[in-house]
Amino acid sequence: MTNQPRKINITGETKRVQPIKIKGKRVIANPTRHQTKGESKSFSSKPRPSHQSSLPTPAIKSPEESDLIYGRHPVLSALENQRGLNRLWITARLRYDPRFHHLILQAKDNGTVIDEVEPKRLDQITDGANHQGIAAQIAPYAYMELEDLITQAKSVTDPVIVVADGITDPHNLGAIIRTAEAIGSQGLVIPQRRASGITSTVVKVAAGALENFPVARVINLSRALEQLKEAGYWIYGTAAAGSEPIHTVKFSGSTVLVIGSEGDGLSMLTQRSCDILVSIPLQGKTPSLNASVAAGMALYEIYRQRSLNTLYLDKLRTISLKK
């Protein structure tokens, strides 16, 4: 009998696992390592932390998404209305401009950090935007409660409140705010979800209107419309289908004008909450209008009717006095 060499089994040696072949691939049947007697534990029993558990790296925001405003008019409006500013960057030439100098000193007394910088630094801060020599980091916008907005609007006869249903473009929202404030509206209501909030872009496009124009942010827009109804408001929604031409509708009393989103318009839930749906007749081939343009035209029609009523009442008073 031929002596076959025997393999000596050394104490503590790990048994090897036989490989399994699956479609030409070599796969280990059980890759888990088992600790045997005498083997020291050279690794921690705690699981390694995953990459997801590590602290996320903060993303660098663009000027449109950050709390940065720039340009002479938006920053000047914020300074004049003593809006909370964390930091202000300004060129030496503009710092001693009579329009800014006193306001900058006042902002400094209120705790704003003033940095005199070169135009190239402002180019970096604003990502190459048209800063006009000045930029500021604003404090978060302070939204008004809907109840407070309704109470404040009562100081005006037949107030008008604008509701933006799902406006996601900050440029459109800023333009709506600028038009609504300029024409005499008492405030704006926006939803908290799936819509743009008051960002630095909105502040810039609004061109100072937000310093004198309250905005309420609500969780449930349909509930907010019902609350406005309970306060005596008529709800007019802008919609292309199933609506009446806006010039045939008589706007009277406390009014809420609801503007739909850029692409989808008013949601079905919001349409059901409206008392009347109105539309702007279009004669061209373009099927729809920009949300901010539609808001401006609808607001103009509301106040046009009211101005005619005011002129008519004034004329009646004049005739009665002559008699």
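The legends below describe close-up views of a predicted model. Residues are numbered from 1 along each chain as its sequence is written, and side-chain values use heavy atoms, with hydrogens and water left out. Local features need pLDDT of at least 70 and side-chain atom pairs count only at pLDDT 80 or more, while totals for chains, interfaces and linings use all residues.

**View 1. The protein chain as a whole.** The protein chain has 10 helices and 13 strands. Helices (H or I, at least four residues) and strands (E, at least two) are DSSP runs, numbered from the N terminus. Of the 323 residues in the protein chain, 40% are buried; buried means under 20% relative accessible area, exposed over 50%, and partly exposed in between (1.4 Å probe, protein chains only). A contact is defined by heavy atoms within 4.5 Å. Among contacts in the protein chain between residues at least 6 apart in sequence, 77% join residues at least 24 apart.

**View 2. The open sheet of 7 strands.** The strands pair in parallel and stand in the order β9-β8-β7-β12-β10-β13-β11. Two strands count as paired if DSSP finds at least two bridges between them. β9 and β11 (244–245) each have a single partner strand, so one side of each is left without a neighbour in the sheet. Helix α8 packs on the sheet and touches β7, β8 (187–191), β9, β10 (234–238) and β12. The direction of α8 makes about 170° with that of β7; axes are lines fitted to C-alpha atoms, for helices over the stretch in contact, and angles run from 0 to 180 degrees between N-to-C directions.

**View 3. Strand β12 and its partners.** Strand β12 (residues 255–259) runs parallel to β7 and is joined to it by 5 bridges. I161 stands opposite V256 in β12, and V162 has L257 as its bridge partner in that strand. β10 also runs parallel to β12, with 4 bridges between them. In this pairing, Y236 has L257 of β12 as its bridge partner. Burial covers 5 of the 5 residues of β12. T255, L257 and I259 are buried on one side of the strand, and V256 and V258 are buried on the other.

View 4. In α8, the residues L221, S222, A224, L225, Q227 and L228 are buried. An α-helix has 3.6 residues a turn, so residues three or four places apart point the same way. S222 lies in α8 (residues 221–230) and counts as buried because its relative accessible area is 14%. Not counting residues up to four places away in sequence, S222 touches L269 and S273. N220 caps the N-terminal end of α8, with a side-chain oxygen 3.1 Å from the backbone nitrogen of S222. After α8 comes G232, whose phi is positive, near 100°.

**View 5. The nonpolar cores.** A nonpolar core is a set of buried Ala, Val, Leu, Ile, Met, Phe, Trp, Tyr and Cys residues joined through side-chain atoms within 4.5 Å. The largest core has 48 residues, of which L79, L88, L173, I177, L188, I198 and L210 touch the most other members. Helix α10 (residues 291–322) gives the largest share of this core, 5 residues. At least three residues of the core come from each of domain 1 (68–138) and domain 2 (146–312); the domain bounds come from an automatic or database domain assignment. Leaving aside neighbours within four places in sequence, L210 is in contact with Y141, I177, I198, V202, V203 and V215.

**View 6. The loop between α5 and β7.** K154 lies in this loop, between α5 (146–153) and β7 (160–164). K154 counts as exposed because its relative accessibility is 61%. The C-alpha atoms of K154 and S254 are separated by 9.2 Å, although the two residues are 100 residues apart along the chain. D158 lies in the loop between α5 and β7 too, and its 34% relative accessibility is why D158 counts as partly exposed. The phi of D158 is near 50°, a positive value in a residue other than glycine.

View 7. With a relative accessible area of 18%, A207 is buried. The phi of A207 is near 55°, which is positive in a residue other than glycine.

Terms used. A polar contact is a pair of N or O atoms within 3.5 Å; within protein, one must be able to donate a hydrogen and the other to accept it, and residues adjacent in sequence count only if both atoms are side-chain atoms.
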